[in-house]
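This briefing sets out the fold of one protein chain and the surroundings of its ligand. It is intended to be read alongside the sequence and the model.

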Amino acid sequence: MGALEEAHLAAVAACGCDEEEEEDLLVGLGGGEAPVDAMEPAVRALLAGLGEDDRREGLRRTPKRVAKAFRDGTRGYRQKVKDIVLGALFPEVGVDKRTGSAGGTGGQVVEPDIDLYSYWESCLLSSSLPCSVGYVPSGGRVVGLSKLSRVADVFAKRFQNPQRLANEVCGALHASIQPAGVAVAMEGWHIPLPENLKCTKSRALIRTSHSSRSGVFEGENSSFWNDFVALLKLRGIDMDMDSRSASLTWCPLRPHEVPLCNGHGKRITTNGATSPKSLSSPSNMVSAVSSMLQSLGEDPLRKELLGSPQRYVQWLMRFRACNLDVKLNGFTLNSASVYERPGEDATDHRAISSELRLPFCAQCEHHLLPFYGVVHIGYFGSGDGEGIDRSHFQALVHFYGCKLQVQERMTRQIAEAVYSVSHRGAIVVVEANHICMISRGIEKIRSSTATIAVLGQFSTDSSAKASFLQSGLDTANQEV
Ligand SMILES: Nc1nc2c(ncn2[C@@H]2O[C@H](COP(=O)(O)OP(=O)(O)OP(=O)(O)O)[C@@H](O)[C@H]2O)c(=O)[nH]1
Ligand SMILES: [Zn+2]
C-alpha cells in the first residue's frame, strides 16, 4: 500500500467511519458467494407456469441462461468499493492549493456517458441507466478515471431503484475518494407495459432523471453544480428537465410508488404509464421468484422487494403461451379486397399496401428478458385504397409478439399469417431492441436488430420487395 493510500485510510478513520462501517456502506446486502442451485429449478417452475415445455429446443438452456443473467446482474453484492478505489488514488497537485483542487485544471473532473445496467428491485426487470459522474479532487489526489465507472457499476449490479442508485454511487465515491464533492446525474430507462408501448427506439421507454450531490456540489447556487450541468449540456445531456417533469413513476408495474429522493433528485417521464392490468400471479411462481432472490443473496422480505416477485410474475404472465385457434378467431381479414384479381398487372406496385410501425413487446425465450420494437407489413391489396384495418394487424402482431419468442420466428409467423389472407404476397420487417443484448452479455447499447420475411410475389419479384423496402420504410422513418 502506498503512502497516499495509508494517508487516505487514516483520513477515513479520522472522520469517524471505521473500516467495518465503510464496508457496510459500500458492500450493502447479500455479500459472499451465493449458491445458484435454486435458480434453475425456479426458472423451470416459471416456464411451466407460462404453459411452456422446458424441453423444447429453444428453452432447453433457458434456466441456465436466466440464472447466469441474474447472477451477473447482481455481482455488485460481491464487490467492494475499497478494492477498486484504493489502488488507484494518485498524487496530483491542483492549480489552487488553498482549495486543494486538482486534476490539472483546478476544477472538477467529469466522466459523462457511463452506461450502467441494473435490475429494478420493484419488478426484477432490467434496463439501462446512462450516468454521468463528476467530482472535485481534494487533498492533492485524484482517482483513476476508470474507477468512477467501476464504482458506479458495483451499485448498479444490485437490485436497485434509480434514485437510490444515484445516492449510493455518490456516497460511496465521496467516502472512498474523500474529494471536495461528488455529483451524479442519471437517467433511468424502464420498459413500459406491453399494452402501453407506442413506438420503437429509446423514445418507447419511460425515462426518469435523477441526481445526487455531496460537498461543494450541494446547495441551489453551487457554481460547481452549475458547471457540471453546463458540461453535461455540452455533451447533449439535458439535466434541466424540471419543466417537463411529471408525477408519474418510473416503474409502470408499481404505479403508486413513492420515489426515494435525497432532495436533489429530479424525476421526469416522457411516456405515460397507465396502471398495469391486474393479472393473476400463481403462488408457486411467486415462491419460485422469491427463492431466486434468496439464491442471489437477497432478502425477499426487504421492504423494497416486498411484492416484487408478484410483479415479476405478472409481467411474465403477459407472455403466457396461448391457444392459437382461439386468438385467430378474432382476426378476420377482409380477404375479398386483397385476393389477386384476374388480369392484374403483377408489377403494379400501387397494389402494394402497407401497415407501418406496429409496436410490439415480446419476451426473449433465451433469457426471459423483453425485446420490443415495431413491425412493418406489406401485402398486395386491391389497389383501390381499400385495405385491411390496422387494428387487425395490431392484433396479429400482439398475438405473435406476446409470448416467449425469438425475433426471426415472430417475423416469419406474422408473414405467414398475412400471406394466408393475402395470397399474392406478404413482406414483414421487424425492428427490435433486445434487452438481453443491452443489459447483459455483450452490453451493446443502442443495439437494434432488423429481420425480414418475404412470401409469394415478394420473394420472386425483387422490384416489388425493393418498392416496399425503399418507399414503404422511408415513410416509416419519416414518421419517427
Ligand atoms: N437469432 C436470435 N438470437 C437471439 C434472440 N434473442 C436472443 N438471442 C441470442 O441467443 C443467443 C444465446 O446464446 P448462448 O451462448 O446460448 O447464451 P448466452 O451465453 O447467454 O449468450 P450471450 O448473449 O452471448 O452472453 C445469444 O447470442 C443471444 O444474443 C433472437 O430473437 N434471435
Ligand atoms: Zn435474450
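Buried residues account for 46% of the 480 residues in the protein chain. The model is a predicted one. The chain contains 16 helices and twelve strands. Of the contacts between residues at least 6 apart in sequence, 75% join residues at least 24 apart.

**The sheet containing β2, β3, β5, β6 and β7**

- Five strands form an open sheet in the order β5-β2-β3-β6-β7, and the pairing is mixed.
- The edges are taken by β5 (159-160) and β7 (206-213); each has a single partner strand, so one side of each lacks a neighbour in the sheet.
- The pairing of β2 (residues 109-120) with β5 is parallel and runs over two bridges. Tyr119 has Phe159, in β5, as its bridge partner.
- Helix α8 (residues 223-234) lies across β2, β3 (126-136), β6 (181-190) and β7, and runs at about 40° to β6.

- Asp113, a residue of strand β2, has a positive phi near 55° although it is not glycine. Asp113 counts as partly exposed because it has 13 C-beta neighbours inside 10 Å, where burial requires 20 or more.
- Leu124 sits in the loop between β2 and β3, and its phi is also positive, near 70°, in a residue other than glycine. Leu124 has 22 other C-beta atoms within 10 Å and is therefore buried.

**Helix α6 and its cover**

- Helix α6 (residues 145-156) consists of twelve residues and spans 18 Å from its first C-alpha to its last, close to the 16 Å expected at 1.5 Å a residue.
- The buried residues of this helix are Lys147, Leu148, Val151, Ala152, Asp153, Val154, Phe155 and Ala156.
- An α-helix has 3.6 residues a turn, so residues three or four places apart point the same way.
- The cover over the buried residues of α6 includes the helices α5 (81-85) and α7 (162-177), together with β2, β3, β4 (141-143) and β5.

**Trp225 in helix α8**

- Trp225 belongs to helix α8 and counts as buried because 23 C-beta neighbours lie inside 10 Å.
- Leaving aside residues up to four places away in sequence, Trp225 touches Ala183, Arg213 and Phe217.
- Between Trp225 and Tyr372 there is a separation of 147 residues in sequence and 36 Å in space, C-alpha to C-alpha.

**The sheet containing β8 to β12**

- A further open sheet of five strands has the order β10-β8-β9-β11-β12, with mixed pairing. Its edge strands are β10 and β12 (449-456), each of which pairs on one side only.
- Strand β8 (residues 352-364) is mostly covered, with eleven of its 13 residues buried.
- Strands β8 and β9 (residues 369-380) pair in the antiparallel sense over eleven bridges, and Ala362 has Phe371 of β9 as its bridge partner. The hairpin of these two strands has four residues between them, and within the hairpin Leu368 takes a positive phi near 50°.
- With strand β10 (residues 404-405), β8 pairs in the parallel sense over two bridges. The bridge partner of Cys364 in β10 is Gln405.
- Strand β11 (residues 425-434) pairs with β12 in the antiparallel sense over eight bridges, and Ile427 stands opposite Val454 in β12.
- Helix α12 (residues 390-401) lies across β8, β9 and β10, and runs at about 30° to β8.
- Helix α13 lies across β8, β9, β10, β11 and β12, and runs at about 30° to β12.

**The surroundings of ligand 1**

- The residues around ligand 1 are Arg61, Arg65, Cys364, His366, Val406, Gln407, Glu408, His434, Cys436, Met437, Gly441 and Ile442.
- The elements that contribute two or more residues to this shell are α13 (407-419) and α14 (435-438).
- By residue class, the shell comprises five nonpolar, four polar and three charged residues.
- Cys364 links this site to the sheet: it is one of the residues around ligand 1, and its bridge partner is Gln405 in β10.

Technical notes:
Residues numbered from 1 in each chain as written. Chains lettered and ligands numbered in written order. Predicted model: local features only at pLDDT ≥ 70, side-chain atom pairs only at ≥ 80, totals over all residues. Near = placed C-beta within 6 Å. Nonpolar A, V, L, I, M, F, W, Y, C, P; charged D, E, K, R; others polar. Buried ≥ 20, exposed ≤ 12 C-beta atoms within 10 Å, placed from the backbone. Contact = placed C-beta atoms within 7 Å. Pairing = 2+ DSSP bridges. Axes fitted to C-alpha atoms, helices over the stretch in contact; angles between N-to-C directions. Expected span 1.5 Å × (residues − 1).
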